[in-house]
Amino acid sequence: MAEGKGMNNPHRRALRDFALGYPGAHEDFPWGELVLKVQGKVFVFLGTDSDEVGLSIKLPQSNAAALMMPFATPTGYGLGKSGWVSVRFGPKEKPPLALLRQWIDESYRAVAPKKLVAGLEGKGPEKPTAVKKASAAKKSAAAKKPAARKTAKKAVKKTAKRAR
């Protein structure tokens, strides 16, 4: 599939363009279907060349709520067990784009490396932007994290010993 092929539906095109706005996002065409990836991991399946709008996204937080929607189903091939949800809209239906953008945002954040997600903090799902370099304050806070982890591990070990 060439760039832009299968973008007959303006809603499908808008969702594709939105997802491509995330840092490191790119499109790929495995199995003849359009997928959007970040560092080799799929975060949105947009399906085949069609006038319909259909997508599958990973929703670790809002999975249960999404599946209550009449247009949503667990994704096939066993992906539904891992939080993937599929939605489908006919060529004349108007999908809830704001909701789908929120779900794409959740899927990206679930799949993308932590470093890329950290660059999005404070950004809403409406306008993904490029990752900015961490400030000195963030770097110093990150340097302190290993010490906190060690302290937490010690506390867990002490609690486990007491339980025995």
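The model is a predicted one, in which local features need pLDDT of at least 70 and side-chain atom pairs count only at pLDDT 80 or more, whereas totals for chains, interfaces and linings use all residues. Residues are numbered from 1 along each chain as its sequence is written, and side-chain values use heavy atoms, with hydrogens and water left out.

Helices and strands are taken as DSSP runs (H or I over at least four residues for helices, E over at least two for strands) and are numbered from the N terminus. Six strands form an open sheet in the order β1-β2-β3-β4-β6-β5, with antiparallel pairing, two strands being regarded as paired if DSSP finds at least two bridges between them. The edge strands of this sheet are β1 and β5 (72–74), each of which pairs on one side only. Neighbouring strands are turned against each other by 25° on average, direction ignored, where axes are lines fitted to C-alpha atoms, for helices over the stretch in contact, and angles run from 0 to 180 degrees between N-to-C directions. Helix α3 packs on the sheet and touches β2, β3, β4 and β6, its direction making about 40° with that of β4; contact here means heavy atoms within 4.5 Å.

Within the sheet, β1 and β2 pair in the antiparallel sense over four bridges, and Glu27 stands opposite Leu36 in β2. The two strands form a hairpin with five residues between them, and Trp31 in the turn has a positive phi of about 60°. On its other pairing, β2 is joined to strand β3 (residues 41–47) over five bridges, again in the antiparallel sense, with Leu34 opposite Gly47 in β3. This second hairpin has two residues between β2 and β3, and Gln39 in the turn has a positive phi of about 45°. Strand β3 is in turn joined to β4 by two bridges, the strands running antiparallel, and the bridge partner of Val44 in β4 is Ile57.

Strand β2 (residues 34–38) is largely enclosed by the rest of the structure, because five of its five residues are buried, a term applied under 20% relative accessible area, with exposed meaning over 50% and partly exposed in between (1.4 Å probe, protein chains only). In a regular strand the side chains alternate between the two faces of the sheet. In β2, Leu34, Leu36 and Val38 point one way, while Val35 and Lys37 point the other way, and all are buried.

In soluble globular proteins, nonpolar side chains tend to be buried together. A nonpolar core is defined as a set of buried Ala, Val, Leu, Ile, Met, Phe, Trp, Tyr and Cys residues joined through side-chain atoms within 4.5 Å. The largest such core has 30 residues, and those with the most contacts inside it are Phe43, Val44, Leu55, Val87, Ile104 and Tyr108. Two or more residues each are given to this core by α1, β2, β3, β4 (53–58), β6 (84–89), α3 and α4 (114–118), and α3 gives the most, with six residues. When residues up to four places away in sequence are not counted, Tyr108 touches Tyr22, Pro23, Val38, Phe43, Leu116, Val117 and Leu120.

The structure holds five salt bridges, each being a side-chain nitrogen of Lys or Arg within 4 Å of a carboxyl oxygen of Asp or Glu. Arg16, Asp17 and Glu27 are linked in a network of such bridges. The side chains of Arg16 and Asp17 meet at 2.8 Å, N to O, and the closest N and O atoms of Glu27 and Arg16 are likewise 2.8 Å apart. Because Glu27 lies in strand β1 (residues 25–28) and Arg16 in helix α1 (residues 10–20), the latter pair ties together parts that are 11 residues apart in sequence. Arg16 is buried, with a relative accessible area of 6%, and Glu27 is buried at 18%, whereas Asp17 is partly exposed at 42%.

A further salt bridge joins Asp105 and Arg109 at 2.8 Å, N to O. Both residues lie in helix α3 (residues 97–111), four residues apart, about one turn of the helix. Asp105 is buried at 9% relative accessibility, and Arg109 is partly exposed at 24%.
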